[in-house]
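Have it open while you read.

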Amino acid sequence: MTQEDCMKRYPQHIKRILLMVTPAIATSMLAALPSQAATFGSSEATFNIQNFNRNPLSIRTIADTVTNTISTNGQVNTNANANANFQVDPNYALTFASNSSTSKAQGQGSSYFGEGQSFAAVLGYDFLVQPGETFFFDFNGLFDLKTSIDNPTAENATANGLLKFELYDSESNSLLDSFSIVGNLATPGKDDAVELKYSSSITLDPAQTFNTSFGGTQEFAQGTVKGKYSRTFDKLTYLTLVETKTNQVRVQAPEPSVVFGLLFSCAMLGITWKRKRKGVLSALT
């Protein structure tokens, strides 16, 4: 099966993961006094899948980034990187998939806005599993969020990320199993959280670690995971594997006189990204 055939047969998987990626648009006004503020936000994730006992009939990788900066009285820098790789080998144990996504932003001054977003995905179509056979693979990953500010009354920084993989029945498109890590930091603020979820077909290594520090002017949420997916099927089944990650950061230090301009610019960023996403979807289907 060619990649074009897979795109025609499974466009819903591509659309589903691309529609996840939506830039945050500022919707609040912060009454800040002029100051020389410094902010930092970082969101990154990596994931590796290996030791498959079956190969997919076709594969797909996606990587995309978007950044936006505005500065009326200060300096702001944003950076976003994403890459994805899926390599299939006749020796099942040598087949592997990996990807990474990193977004960072840093600002200083009294009036600026910076946002970075990155997205990466790997898809494996139609792993054929015979009746009574167990499909399995190993995985490991890293999840890291950081934020830092100097003055809570004049600036804010946010970092959020989502890392997940899902197994679907290719014929019915029904979700069979899933794994996810989702986290959010808002500095200052109380919307800090990190959550790990996984289905019963996934076994995690006890050596996994999760460390968090919420509150104050410096926050982080970091974790490493290692585990195995294993499930036995009672009938012939074609499986689709979808692994995705999205990482986003935002730093901001507005003054009352420029906040409306910043909000307008953020709205334009959302419009630009929607147009870009629509173009990508059109090209894939």
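Is Tyr 229 buried or exposed? It counts as buried, because its relative accessibility is 0% (buried means under 20% relative accessible area, exposed over 50% and partly exposed in between, with a 1.4 Å probe and protein chains only).

Before the points, some housekeeping. This is a predicted model, where local features need pLDDT of at least 70, side-chain atom pairs count only at pLDDT 80 or more, and totals for chains, interfaces and linings use all residues. Residues are numbered from 1 along each chain as its sequence is written, and side-chain values use heavy atoms, with hydrogens and water left out.

1. Start with the aromatics. A search of the whole structure turns up 14 aromatic pairs. To count, rings of Phe, Tyr and Trp (its six-membered ring) need centres within 6.5 Å; planes under 30 degrees apart are called stacked, over 60 edge-to-face, and the rest tilted. The Phe 135 and Tyr 229 pair is edge-to-face because the ring planes sit at 65 degrees, with centres 6.2 Å apart. This pair links distant parts of the chain, with Phe 135 in strand S4 and Tyr 229 in strand S10 (residues 218-232), 94 residues apart. Strands (E, at least two residues) are DSSP runs, numbered from the N terminus. Phe 135 is buried as well, at a relative accessible area of 1%.

2. Now look at Phe 165 and Phe 179. Their ring planes are at 15 degrees and the centres 5.4 Å apart, so this pair is stacked. Phe 165 belongs to strand S5 (residues 156-169) and Phe 179 to strand S6 (residues 175-187), so the pair ties together parts that are 14 residues apart in sequence. Both Phe 165 and Phe 179 are buried. The two also belong to one aromatic cluster, whose members include Phe 47, Phe 52, Phe 86, Phe 135 and Tyr 229.

3. Strand S11 (residues 237-252) deserves a look: 15 of its 16 residues are buried. S11 pairs with S3 in the antiparallel sense over 15 bridges, and with S5, also antiparallel, over 14 bridges (strands pair if DSSP finds at least two bridges between them). Follow Glu 243 in S11: this residue is the bridge partner of Val 122 and also of Phe 165.

4. Next, Ser 101, which is found in strand S3 (residues 96-129). Ser 101 counts as buried because its relative accessibility is 0%. Its side chain makes a polar contact of 2.5 Å with the side chain of Ser 118 and another of 3.0 Å with the side chain of Asn 247. A polar contact here is a pair of N or O atoms within 3.5 Å; within protein, one must be able to donate a hydrogen and the other to accept it, and residues adjacent in sequence count only if both atoms are side-chain atoms.

5. Last, Lys 146, in strand S4 (residues 134-149). Lys 146 is partly exposed, with a relative accessible area of 29%. A polar contact of 2.7 Å joins its side chain to that of Asp 144. Leaving out residues up to four places away in sequence, Lys 146 touches several others, among them Phe 40, Ala 159, Leu 185 and Glu 219 (contact means heavy atoms within 4.5 Å). The C-alpha atoms of Lys 146 and Thr 158 are separated by 8.4 Å, and the two residues are 12 apart along the chain.

Note on methods. Helices (H or I, at least four residues) and strands (E, at least two) are DSSP runs, numbered from the N terminus.
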